[in-house]
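Let us follow a few of them.

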Amino acid sequence: MVMILAGASTANAYDFDQDGLYYNILSEDDCTVAVFGDKNYNGDMEIPKEILYNSKTYTVTTIGEGAFSHCSGLTSVDIPNSVTTIGDDAFFDCNGLTSVVIPNSVTTIGEGAFSNCSGLTSVEIPSSVTSIGESAFFDCNGLTSVKIPNSVTTIGMAAFYGCSGLTSVVIPNSVTTIGMAAFSHCSGLTSVEIPSSVTTIGREAFFVCSGLTSVVIPSSVTSIGDEAFSGCSGLTSVTIPSSVASIGDDVFKYCSSLESVYCQWTDPIECNPQFPDVVIKNAALYVPKGAIGNYEKVDPWRNFKNIKEMDYTAGVEDVADRSGADVKVTEGCIVAEGCAEMEVYSMSGQLVYRGAGRAENLAAGIYVVRVADKTLKVMVAR
């Protein structure tokens, strides 16, 4: 369980104040200051870029630690483009905050910066940000949309924990680690795209994401932490690449809706992901051609009652009678030769392409293709 401390007290010590805001001088030589408020601040706030004090102009570069924590009356904040750091717990528990403008000067969003801002519905993180701190948007359950730019390399522990209103998230291709509990309890999350840069999926990363229906783990991932997808009760499909060398305990515990498990190891690893009995009994386990014997010797895979072979190299498997067009997979594209129209669906049932036989720039994963009188499962690899 992830714990978060209450935001720090604001404005306990300051160098000067003006217009209801407090300032600490960071550098006399550079003329820079950190800004603070107090819990009684109400309404809309525009933080100044510069402030005049003792006949000297100071630039606001930092929103201090706990600067506006517990400002429940704060409704919006405009941050100037002089600010580079939003400190830890800066807007902690500002539950009336509905709008925040983060400028492209900011490089770091500190730990708990917007934690418990339940009124916040959307946030656009600028391309200058490289790090989203631990619990940065913890329990922002009103947040429905977040855009994480490609500049972000670190998503901290519990960064979006409890963001139950969040429906989809695209993790940028610069991130290598999805931190512990990063998206835990995001029950509204229905889709997530994990990029090929990720090597580690942390413990409880998607714990109790009950709305998540399918997930494709890219071939860059080598480690999946304990309980990473535990409690994802809506998950129907999961793809595990052969690159995965370690799967933690209880990774798929309570994932009782799983219908298809795609494993790409020729020699499977022994692990204890705790697939529910109903999954062991009814779900299809798809393994590489010629590898069934290997899976029948190793826990937990040997317990599956329905193990099928799939040619992952070819990438196409019939799930209905063949006729009509010839379907192929090449360089991230699904191509159907000789067809008037092809439909491509994600494993969650979302239509991702309809057209004349060439679906391009698809993310790695399993798709359902309908063309002519046949339906196929197609794997796109990267």
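Is Y58 buried or exposed? Y58 counts as buried, at 3% relative accessibility. Buried means under 20% relative accessible area, exposed over 50%, and partly exposed lies in between (1.4 Å probe, protein chains only).

First, some ground rules. This is a predicted model, where local features need pLDDT of at least 70, side-chain atom pairs count only at pLDDT 80 or more, and totals for chains, interfaces and linings use all residues. Residues are numbered from 1 along each chain as its sequence is written, and side-chain values use heavy atoms, with hydrogens and water left out.

Now the rings. A pair of aromatic rings is described by the distance of the centres and the angle of the planes. Rings of Phe, Tyr and Trp (its six-membered ring) pair if their centres lie within 6.5 Å; planes under 30 degrees apart count as stacked, over 60 as edge-to-face and the rest as tilted. The whole structure holds 20 aromatic pairs.

Take F16 and Y58. Their ring centres are 6.1 Å apart and their planes meet at 40 degrees, so this pair is tilted. F16 belongs to strand 1 (residues 16-18) and Y58 to strand 6 (residues 56-63), so the pair ties together parts 42 residues apart in sequence. Strands (E, at least two residues) and helices (H or I, at least four) are DSSP runs, numbered from the N terminus. F16 is buried, with a relative accessible area of 4%.

Next come W265 and W301. With centres 5.5 Å apart and planes at 55 degrees, this pair is tilted. W265 sits in the loop between strand 23 (260-263) and helix 1 (277-282). W301 sits in the loop between helix 2 (292-295) and strand 25 (307-310). W265 is buried at 3% relative accessible area, and W301 is buried at 0%.
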